[in-house]
Amino acid sequence: MANMGPYENVKENFSWSISEKELGYHNGEILNIGEYCTDRLCRMGKKDKLALIWEGFGGDVKKYTFNDMRLLTNSIAHFLKGLGLEPGDRICLFMDKVPELYFGFLGILKMGGIAQPLFSAFGSDSLITRLEDAKTAAVITQKKHLQKVRNIVPQMPYMKHIIVVDDDGSKPLKEREIAFHMDQAERIEHFDIYPSKAETPSVLHYTSGTTGKPKGAQHVHYSLIAQYITAKYVLDLQENDIYWCTADPGWVTGTSYGIIGPWVNGMTQCVLDSGFKAETWYKFIEKYKITVWYSAPTAIRSLMKDGDEIVKKHDLSSLRHLCSVGEPLNAEAVIWSKKVFGLPFLDTYWQTETGCIVISNYPGMTVKPGSMGKPFPGIDATVLDLKTYEPIKKPGIVGLIALKPGWPSMMRTYWNNEITYKSKFKNGWYICGDRSSIDEEGYFWFVGRDDDVINTGGHLVGPFEIESALLEHEAVAESAVVGKPDPVNMEVVKAFITLKPGFQASKDLDLAIMNFIRKRLSPLAMPQEIEFVDSLPKTRSGKIMRRVLRAKEWGEEIGDVSTLENDM
Ligand code: WTA
């Protein structure tokens, strides 16, 4: 039987206090996510239950019980505190999906720090932007990523410690660098966990917008209340489940539902620290008898591309519940998964800013393939008129997805950027920045983003950050970056570039620019296509009209171009 009862009944009777009660939390008490995910579960008798089964790309396997996790997160917290790091300090996790990343996250929370997870694929430029904004006090990283941190150390006077989790002593560490080996560290039985309260900052997740630098969505320990119950109801996590969230904790899915949600529910979760390959993924599910699987449309489409035969070669009968997040889940993908796995992927919708699933399909509810489902009980969601910001009453009309503020895991601000945070609210609603319609039965149908942010394989990439980096290339005079359609990643980055005098368009220059961005920002931000143009479409006030370029790529109507200065 599913954890969640029939949708309408649950919605009628839901209040977040149900979650507080189940967690034994009372208003005003100490609330520390690190404690709730480890010590509390040990006290509940789960000491010897496996918390983490980890497999590296070389096939090595590590297993940790809840008690191991309790002790190791204590060790990390103790070590960080010993370095002089203090509650409220931002501590960045810059690692592949190794156990130290997962336990480091909880260890930081246990000592009162603010965890700042960043993708290990980020290059030095992406890194410095986010570390500079947060004035990060320490980075925990691996040897293989150390050089990217070293490149920017001189620019970071606020950075006190660079902690290397796999230093083998073969090369001397430099100033501010220090080794820490989690598996060899003394296991600390009693650590004085920081007495955080509901509103104490916990996590800082950077997300991209259309303009300006990436924004740090700042969350608090109280988010746990929403992450616990959404994981329980939507992911339907139950005592004997083996859960696999494929997301990297550099992305909010990898923390809300790859660390906090599953562990506060006492789940055994599996982590595969290797890139995508259908064969590897199916083997992983088969080997560990995964029952609940949370992934993303881009991965599902890649699996689809690899065909049905490879699925049949594996025993995937352990699977019982599949969910997806990050981008629109096409109806075909839902239908395909039903055919090959015997189960539909259930679409879930949310954001870095919302901290938890806000619109979703639920176990037992009729799935309409292509729809995102209905608001989570406790979430008041609607669509607003594009001009008046009033809720649209009629079904089928496209408007802005909006949520009534007040759910526990809502971001509390954008770090250093209260102005942008405030701009997200209209008429008492939080505006998500996406467009959707709602049908007669209350199902939401995603239409698209309301801004220029590119969603490539579920990851948001800000055009501004890429355009700024492109300007640093010697050949680039101006650029405009838009998303272009892609069968697997939904969108990929395309850059329109005007060249400086003396530079000629060529295949070599194409590649050089692509590589330049890949190294400085990340592989996701790298343009998959470059088009050299003589000029870019601009408004009379000189703003580049990405909308015009984007519409061309998507074969859409260009819309109102009355302010356009030059014709392409
Ligand atoms: C998009 C991800 C369609 C959307 C957890 C949103 C989706 C942005 C869906 C947030 C979905 C996420 N269907 N679009 N089911 N889920 N999105 O902050 O544009 O990385 O605003 O958080 O991804 O991306 P973020």
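The side chains of Arg130 and Glu465 meet in a salt bridge, with N and O atoms 2.8 Å apart; a salt bridge here is a side-chain nitrogen of Lys or Arg within 4 Å of a carboxyl oxygen of Asp or Glu. Arg130 belongs to helix H7 and Glu465 to helix H16, so the pair ties together parts that are 335 residues apart in sequence. Helices (H or I, at least four residues) and strands (E, at least two) are DSSP runs numbered from the N terminus. Arg130 is buried at 4% relative accessibility, and Glu465 is buried at 15%. Buried means under 20% relative accessible area, exposed over 50%, and partly exposed in between, with a 1.4 Å probe and protein chains only.

The model is predicted: local features need pLDDT of at least 70, side-chain atom pairs count only at pLDDT 80 or more, and totals for chains, interfaces and linings use all residues. Residues are numbered from 1 along each chain as its sequence is written, and side-chain values use heavy atoms, with hydrogens and water left out.

**Salt bridges**

By the rule above, the count comes to 38 salt bridges. Four of them are listed here, including the pair already described.

| Arg130 | Glu465 | 2.8 Å |

Arg546 is buried, at 10% relative accessibility, whereas Asp452 is partly exposed at 25%. In the pair of Lys135 and Glu132, Lys135 is partly exposed at 40% and Glu132 is partly exposed at 30%. Lys484, Lys494, Glu529, Glu531 and Glu553 are linked in a network of salt bridges.

Contact, defined as heavy atoms within 4.5 Å, joins 17 residues of domain 1 to 14 residues of domain 2. The two domains bury about 1,000 Å² between them, 50% of it on carbon and sulfur atoms. Buried area is the accessible area (1.4 Å probe) that two parts lose on being put together, summed over both. Asp125, Ser208 and Thr210 supply 41% of the area that domain 1 buries against domain 2, more than any other three residues.

Across this interface the rule finds 2 salt bridges. There are also 6 residue pairs in polar contact, both residues at pLDDT 80 or more. A polar contact is a pair of N or O atoms within 3.5 Å; within protein, one must be able to donate a hydrogen and the other to accept it, and residues adjacent in sequence count only if both atoms are side-chain atoms. Helix H7 (residues 124-134) gives the most to the side of domain 1 that touches domain 2, with 5 residues.

Within helix H16 (residues 463-471), the buried residues are Pro463, Glu465, Ile466, Glu467, Ala469 and Leu470. They pack against elements including H7, strand E25 (476-486) and helix H17 (507-520).

Glu491 is found in strand E26 and is buried, at 4% relative accessibility. The side chain of Glu491 reaches the backbone nitrogen of Asn455 at 2.9 Å. Leaving out residues up to four places away in sequence, Glu491 also touches residues including Lys484, Arg550 and Trp554.

Asn361 lies in the loop between strand E15 (359-360) and strand E16 (374-375). Asn361 is buried, with a relative accessible area of 1%. A polar atom of the Asn361 side chain lies 3.4 Å from the backbone oxygen of Ser371, and a polar atom of that side chain lies 3.3 Å from the backbone oxygen of Met372.

**Nonpolar cores**

A nonpolar core is a set of buried Ala, Val, Leu, Ile, Met, Phe, Trp, Tyr and Cys residues joined through side-chain atoms within 4.5 Å. The largest has 130 residues, and those with the most contacts inside it are Leu80, Phe103, Trp263 and Tyr294. Apart from it lies another core of 29 residues, among them Ile242, Trp281, Leu319 and Leu322.
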